Amino acid sequence: MLKTTVVVIGGGATGVGILRDLSMRGIKAILVERDDLGYWTSSRFHGLLHSGGRYAVKDKEAAKECIQENTILRRIGHHCVEATESIFVRTPEDSEEFEQEWVKSCKECGISAIPLPMDKAFELEPNLSHKILSAYRCPGAAIDGFRLLWQTVASADKYGGKTMTYTEVTGIETVNGTVSGVKIRDKWTGREDKIACDFVISAAGSFAGQVAHMAGLTVNVKPSKGTLIAFNHRICNRVIHRLHKSSDADIFVPHGSITILGTSSIDSAPDDTSTETAEVTAMMEIGKLTFEHIYDYRILRVFAGTRPLYSADPNAKGRSASRGFVALDHAHDGIKHFMSVCGGKFTTYRLMAEKVCDMVCEQLGVNEKCHTADENLVEDPSPELMGRAKAVFPSYGAELAASRLGNRKLEHVIERIESKPEMRELVCECENVTLAEIEEIAAEPTSHTVSDLRRRTRLGMGTCQGTFCAYRSVGAVDKEEMPWAKDTVYLFKEFLETRWKGIRPVLWGNMLRDIELTRAIYDAALNLSGVEEIK
């Protein structure tokens, strides 16, 4: 049986933020996540680092928190942030009165909103609809969710924080009304175990109600599904917001070479990640008010996730539910040292963790203050290390690898290439991922599938959506005899089917041609669909 002081349930942004905060305060903590880090809500969003402008009118407290955390994350997580800035635009369909109220509210919240002459706006963003009437520059940005989570865990690891992925909590144990531990089960081996602890924090997002139910409690989480569209173009170089009351399909976020449009808001089940063609076409119709030639751009895929909205009002739904967060101390429900954290936003995950950890530390009698805003998530590579990286990586690959890997793993990958120059070969040409990087991440104990490699490296997330890098990556891990890579047919199917799930709703034009090429490779050449019959 394992022992620790605090068990954190949930490997999303809130969970890893709490793990890092506790660890930096000297409190022993173990995070358990039933899937991979960021598998649910924290990877299924725009990838937007809010300026706060979106909330300035309706929720000034949230707006102020966003601009505060925006500034902090640009500093401590700068390897995860693309500091694009954002532009809020008003179309003829949007209210001029709302624009005036929004400008006033941004000033009250301390958010810079600089008026932008329309000729300058079209110069900066030439694809914008020329029907747009006004524009403002704000300090929004793009942020890589996967990268931020893993770098936050890497930071917690330095202070003794432990992370167990693919570990499901199956029970919460109490003694005389006080938490004493949790039961866990390893997803891959089926092995069951216990972790004895003094405190449990549930940061399980949309599943917080299910976790609380294990202790006989009720938590009123309202999952709201949001669908997003990824375009194979950088339609804009800055985040583009519609300047109106928050609604569907009104934000475009550039990421690397792609752009993400979102989102919708549909009451749903916690694990509903389904997408439909009708959702895509409805969002495209709204999106063309901002970019009128939106149908000219190729769609890469669509994806969806659920927001873990919380409301004390059981009838609150969708956008009527609060985007704020709440920490529920279940001592008020009869179980001491058990807390559920619900709601909130990715942008404010660090602040949420700080507030929760302040409450937990008070109960544990720990006086150490929060330091998470004072230290970078990962150290910057030294000039000498970057010099070695640029000598061995393909063009543009050194900077990308440094941002993805952090200092320590970057050095390991460089050493692999220096000892075996053939390791610099690209497995994923879309995202500049080398064979050495694949082997480095594949050797991590948290890696069990090619999709795990994808979330760490962006393998298969580019233009070809796995058409070429799937067989290369499976071949690489099979050749290296990774302990989890014995069933190569499973590896192929798991990876390709997750890609197919996001492609199916947008099978037209170039995407339809592309998927036929993929089918030819994996069905005709590798006979993946016929494997069962052969066996």
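These legends describe close-up views of helix packing and nonpolar cores in a predicted model. Local features need pLDDT of at least 70 and side-chain atom pairs pLDDT 80 or more, while totals for chains, interfaces and linings use all residues. Residues are numbered from 1 along each chain as its sequence is written, and side-chain values use heavy atoms, without hydrogens and water.

**View 1. Helices α12 and α14.** The axes of α12 (residues 450-457) and α14 (residues 488-503) come within 8 Å and cross at roughly 50 degrees. Axes are lines fitted to C-alpha atoms, for helices over the stretch in contact, with angles from 0 to 180 degrees between N-to-C directions. Helices are DSSP runs of H or I, at least four residues, and strands are E runs of at least two, numbered from the N terminus. V450, S451 and R454 of α12 meet L491, E494, F495, T498 and R499 of α14 (heavy atoms within 4.5 Å).

**View 2. Helices α13 and α14.** Here the axes come within 10 Å and cross at roughly 145 degrees. From α13, A470, Y471, V474, V477 and D478 meet T488, L491, F492, F495 and L496 of α14.

**View 3. The largest nonpolar core.** Among its 41 residues, F393, L410, I438, L453, L459, V477 and W484 touch the most other members. A nonpolar core joins buried (under 20% relative accessible area, 1.4 Å probe, protein chains only) Ala, Val, Leu, Ile, Met, Phe, Trp, Tyr and Cys residues through side-chain atoms within 4.5 Å. Helix α10 gives the most to this core, with eight residues.

How values were computed:
Buried means under 20% relative accessible area, exposed over 50%, partly exposed in between (1.4 Å probe, protein chains only).
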